[in-house]
Amino acid sequence: MNESLYIRRKTAFTLYEVALAKASDRQLLEISGEMGLCLNLEEMRAVRDYFAKEGRNPTDVELQAIAQTWSEHCYHKTFKGKIRIDNTIINSLFKTYIAKATKEINPRWCFSVFEDNAGIIRFDRGYGIAAKVETHNHPSAVEPFGGAATGVGGVIRDVLGVWADPIACTDVLGFGPLDYDYAKLPAGVKHPKYVYMGVTAGIGAYGNNMGIPTVNGAIYFDESYTGNVVVYCGCVGLLPLKKFRRNAQPGHVIVLAGGKTGRDGIHGVTFASAELTEKSEEVSRPAVQIADPIEEEKLKRAIIEIRDRELASAITDLGGGGLSSAVGETAKKFGCGAKVQLDKVPLKYPGLAPWEIYISESQERMLLTVPPENLEKALEVFEKEDVEATAIGALTAKQRLQLAYQGEQVADVDMEFLFKPPESMKTAVYATAKLEEPEFPEPANLTETLMTLLSAPNIASKESVVRTYDHEVKGNTALKPLQGENSGPNDAAVIKPLENSWKGAVISCGMNPNYGKIEAYWMAASAIDEAIRNNVAVGGRRIALLDNFTWGNPEKPERLGSLVRACQACYDYATAFRTPFISGKDSLYNESPLGPVTPTLLITALGIIPDIRLVVSMDLKKPGDLLYIVGQTFNELGGSEYYKLMGYLGKSVPKVRAAQAKRTFRAVTKAIDLGLVKACHDLSEGGLAVAAAEMAFAGGLGLRLDLRAVPNKQVSRSDFLLFSESNSRFLVEVDAKDKADFEALMRNKVYAQIGEVTEDARLIIQGLNGKIAVDASVAELQRSWKRTLSSEV
Amino acid sequence: MKREEIRVCILRVGGTNCDAETQRAFQELGVQAETLHVNELAKRRNLLDYQALVFPGGFSFGDYVRAGAILARWLSAKLDNEIRAFVDDNRPILGICNGFQVLVEYGLLPGFEGISEYPEATLAANIPQGYNCRWIYLKQENRGKCVFTSKVPAGSVLRIPVAHSEGRFLFPREKQQKLLAQLVENDLLVFRYCSKSGEYAEGKYPANPNGSFHDIAGICNREGTIFGLMPHPERAFYWWQQPDWTRQERMPQYGDGKLIFESIVDYLTKKF
């Protein structure tokens, strides 16, 4: 401890000055460590130089505020900074790839993107839809229930933070294998089963208690998630666009509303910007917040009323970085400074130092700016809902952040300095994995293979989790995550949010981490394709995307290299499909004693359907109907569930052929609009065989298929045709009477009729040699599918 | 009374979260439905301006003690007189899910001898344990006393979703057979969980989603004017809310839940 450098100011409360000017480089780094700032040497030097110019020592409040603002979590240094790769410099991944795609597509229906806590697109009748997906990996690793619950709470506040009323949640989770050997668990890493139980319970508890339906999601298992759980929490909201307010001015009062502030969630963001270690439990437990969904429910009611009565000029949530981020970013956005009296902040218990008050991440808090003449009315609204709200300061014309506590000035920092961290420069390399395509004979009994695949954790039914989430509350869920009596897995969820309109919002997602082990570029392209085709399969179109990155330490060049590749694919395929990104989030530094996380890009797709009466579900409807495959099957099983089952990764990762995919998507949408599609299901993990089995047991009917009819490029084995995970493909059920119409529509596309729906509830597939390759009762297939994660069967 | 004159009070507190869809269901039938915070009602003291009272679903006060317990005690402390007057006037009170829990905790249901000083039944933690959101089938058991099911023929089967973790209807074990007999005798039994074809679930999951005694899903009081049920009729109001609508060639205009709201409105138009 460099005690001599910490100078206690003579105040009735705890306040230190730090003599940075006198500190050596080594000491600067030590101070960064001792205070939990997570700032690197260059950044510490910039802070030292700034205060040298100011002619005084910084206070602990100032250092903490700067550290929060400059953290990876808040400032996204990696995405905004420079990256050197192959002798070229990328000036901001975000600008170069993500935002650029949106800018180039520039659709008229984007209302506000990348500006606020959530992206907003136009919906119908003057309403907009807001969407945001957050990562909450680090907290969930330390405290699964609390981490996941506050992840949901946080993303709901992001949506409230653009004046939208939350209408649906989506949650995508990644865990280690549930049968992970306890003996192999290093100290400080929790068993995947414990994490799985805690995270799913946390998500259910928050969404259910707040009364927001959890309608979409996925659960994925990967060895690398054992040490690095992946928790993506998303929320979709609805707002009347004319009530959207973003016009704060100097003099507007800063109001803090919601829960009280305590020591929970101190240093959450700096913690999220570092690797997890054995000590994370001990050191970082206070970084995980405590969830109180009922408080947020009340807060939501008050905010919606304040919105409707137009009482406030701006709003933001308190998430990572607490007041520090909320106050700083609000002032910055409106070209103001801010004055805040920290002693006005309502506390859970006394004894918090000013810096703790300023950076605490206690949950269920929102920050509003209110024109002085509306203050009383706004406070009344909160009071009516039993929500505490307090005026804690005001925006100022002077460009400084000034914080006071009990009459003492505890911080006074120039806004421009605060929001200008030294630019980060990182080095990346493209590393190509040395991989081989496996060689193994075709299994003699493919029925058995299909049964085993259906119980593979990534394919097996997630019903036992999905039913613990309320997906019906609000009564607007037109297409549910589980289809009908047999709980088939629908490709997307559809919400009908407006009473006087048939228009629906379509929510789906795509994620293929296993492909990333081969090539990050194709993983990203595949995730985009999967999210879009899931949306298209139920009738969605006019699709907006959200990107969420979970990666390892970006200081390591090859990790950063794969991130660059994924971003390139994001640009290439977003522009090719004309699907703009509207919001996103990254979580880096996902590393544990077991190694780095498998790079995992989640793409969430938000589409619309002009009339929910057009919506198509995935269950087979009627014997005698025809079954078509749409899209080309390739010999690309690298990273597939089938290879994994056989003990291989492989090399031939599925690619995305955008031009062909677009034609397929358009044709499917057209067929749905013309009412020619009775059922539609996308082909993903497990390929054709799994998709066909799911359609059959969801509908309680059989299928008779012939692999010889499946359009393909050089696929010479039945098992490869059955289980290839080539992108951009669908199975479509068509009434026999519509055969001519459907085929006319599909002319010049890659498609074929491959069989028909049968009364006899068996899945019978003829192999390439004309012999029966698969023959199983649908009930048996369903049992295999339900067995793995079900406590009921 | 004309439909458009009828006023339904939907009562909410922090944690109530099914008020909007419940209000929508009533409004769709042409009656006035207002959602009111309990603080507001306690201030205005105008419960008797309304002809019907509804406790919607949710997690009132977070259900941090026992589902529905805090709101029930809060109401009996602050609004007991109004509520008793409301009951005495045979004005209908509906409790859905958390609302049912509130009615039982308050002593309004089953109310064998009128409003009870202590809960006579309970809605315990589900077996199998945990939150469960699914569509189930209900058999209408009431012989005619319950005003909330006048439009639902006895013996008919309705399809409505449940979503709760504390919905296992129980009587004290030593009295359960006696109380069940009373329930049946006084025509307090309204809904039992059953299969699609109408066979009683006999406690078997998932037809009986929570392990309720005697497959009980909903009951009313002696007068048939207070009714509580765990399933959510407001989520089965429109055809497009149903889980299998994409399978149907032609869908009926509405879901089965609408019948319950219609029954209430029918009662109100005749009574007032």
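Biologist: Is the crossing of H20(A) and H21(A) left-handed or right-handed?
Modeller: In this predicted model, local features need pLDDT of at least 70, side-chain atom pairs need 80 or more, totals for chains, interfaces and linings use all residues, and side-chain values use heavy atoms without hydrogens or water. Residues are numbered from 1 along each chain as written, with chains lettered from A and ligands numbered from 1 in written order. The helices (DSSP runs of H or I, at least four residues, numbered from the N terminus) are H20, residues 520–538, and H21, residues 557–577, both of chain A. With the near helix turned clockwise from the far one by less than a right angle, H20(A) passes H21(A) in a crossing that is right-handed.

Biologist: How many salt bridges are there over all chains?
Modeller: A salt bridge is a side-chain nitrogen of Lys or Arg within 4 Å of a carboxyl oxygen of Asp or Glu. By this rule, the count over all chains comes to 74.

Biologist: How far apart in sequence are the parts that Asp116(A) and Lys333(A) tie together?
Modeller: These two form a salt bridge, with the closest N and O atoms 2.7 Å apart. Asp116(A) is in the loop between strands S5 and S6 (DSSP runs of E, at least two residues), while Lys333(A) is in helix H13, so the parts they tie together are apart by 217 residues.

Methods:
Axes fitted to C-alpha atoms, helices over the stretch in contact; angles between N-to-C directions.
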